[in-house]
Amino acid sequence: MPRPTTARRSPTLGLSLGLIITLAAVVAYSWYITRQISRLRELQNNLVDRNRKDSLQLLRIQNDLNSLAVAMRDMLDDTEPYPLTAYSTQFERIRVDLNDALRLEEQVAVVDRTPEQRQYLANSVAQFWDAVDRMFALAQEGKHEEARAQIRLSLQTRQPAMSSTVARLLVQNNDSEEQAAVRIGQIYDRVEHQVYFFLGATLIAIVFTSLYVIRSNRQLFAQLAALSEHRSELAQKLISTQESTLRYISRELHDEFGQILTAIGLMLGRAEHRITKNSPVFADLEEVRQITQNTLEKVRSLSQALHPVMLDEAGLESTFEWYLPTVERQAGIGISYEKSGTPFPVDGSTAVHVYRVLQEALNNVARHSGDKQAWVRLRFLPGMLELEVEDHGKGMVAQTSRPGIGLVAMRERAELLGGKIEFVQPIPKGTLVRLQVPVQRAESHG
């Protein structure tokens, strides 16, 4: 007799239970990932963005404090022809800007500070302005020596303390950014661990999780790429705006003020011819004419420093030949200049960027390298224009992980030209800045 077959249980219940568990796991994991990404977006948008705004305000405060230091130095300079009261307008302008920067900085500050820390800078600034008011009151009463003593004993001792406080706040902001980076890294680590755990559960969970993670990462990296592109566009626009402004100011100084001072010098020369040399007025006119001539030379020098007219009129090579001896005289460094290759025309806009890279590189040599010798090489190669600035000083290759504003500007200018810039260490030491610009961009860059 055949054995009776046993009734097999329907797999519907098990499949349904597995489906429910899988769907619940997918939903829970999706909620978890969404929450983590939301926290990451909130952290990046709120903390990092506010920290950047706070740092900008702190830099603005630091710039105002540096302006105060320069003004106080000029006030103590016995060669300055201006009375102390003439600086009151400049101090008032700085006061308004500094108070506004302090107010905005307090609104966007991210780092937690004690009430004592919040009040210290405000109190220091208030005490500083009280001392400024007393100093100008003494100067108004004609007590110039007492006013200068007030500057030396009170104002010049308070200004470094305030600058140190602002510097400490900037350091705190950097620490806050590092902590935010750690927290972001922790979020990424937690998400990664959950991905691995979930991938070990079921094949279906692996498929859904992988698709979700790929999609999320793609969106995140797209956002980062867009932010990087926007930052580059902003930097390039700032550079273009800066060059336009410097060119305008340079032309105004050269054309308007230069013509006015030249006319004054001619009028004083004609007046001297009408007066005998024995007249006491003749010596005064000669002194005024000499002052006018010196002022004209300073205006022309400043105009050339802001934007050399030679770049537009004589080209890049002639500008180099004029600029390098000027740097030698002003900075006290010896420069060996070498030009090679067959010259080809360089577009005016490209010439400006190459000139600015040369300026920044030589400024770094003069300020930071500690070397008194530099080598500048301009090469007209078949496919590109190459500029090298080399020194054998302390070197800055080790500092490229946290570059300064000058290095960032040089990189942005190289990118704007479609070229590349390198910072390498020559043998045995020092820094070699190498800028390479494709010839088609050098000849036709707009």
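A salt bridge here is a side-chain nitrogen of Lys or Arg within 4 Å of a carboxyl oxygen of Asp or Glu. The model is predicted, so local features need pLDDT of at least 70, side-chain atom pairs count only at pLDDT 80 or more, and totals for chains, interfaces and linings use all residues. Residues are numbered from 1 along each chain as its sequence is written, and side-chain values use heavy atoms, with hydrogens and water left out.

**Exercise 1.** Find the partner of Glu-141 in a salt bridge, and work out whether Glu-141 is buried or exposed.

*Solution.* Start with the pair: Glu-141 bridges to Lys-143, and their closest N and O atoms are 3.5 Å apart. Next, recall the accessibility classes: buried is under 20% relative accessible area, exposed is over 50%, and partly exposed lies in between (1.4 Å probe, protein chains only). Glu-141 has 54% relative accessibility, so it counts as exposed. Lys-143, at 38%, counts as partly exposed.

**Exercise 2.** Describe the salt bridge between Glu-388 and Arg-377, and say where each residue sits.

*Solution.* First, the distance: the two side chains meet at 2.9 Å, N to O. Then the location: Glu-388 is in strand E3 (residues 384-391) and Arg-377 in strand E2 (residues 373-380), eleven residues apart, and the pair links distant parts of the chain. Strands are DSSP runs (E, at least two residues), helices are runs of H or I with at least four, and both are numbered from the N terminus. Finally, the cover: Glu-388 is buried with a relative accessible area of 5%, and Arg-377 is buried with 13%.

**Exercise 3.** Describe the bridge between Glu-422 and Arg-434, then place it in its network.

*Solution.* The closest N and O atoms of Glu-422 and Arg-434 are 2.9 Å apart. This pair also links distant parts of the chain, from Glu-422 in strand E4 (residues 420-424) to Arg-434 in strand E5 (residues 431-438), twelve residues apart. Glu-422 is partly exposed at 27% relative accessibility, while Arg-434 is buried at 19%. Now widen the view: a network of salt bridges links Arg-377, Arg-379, Glu-386, Glu-388, Glu-390, Glu-422 and Arg-434.
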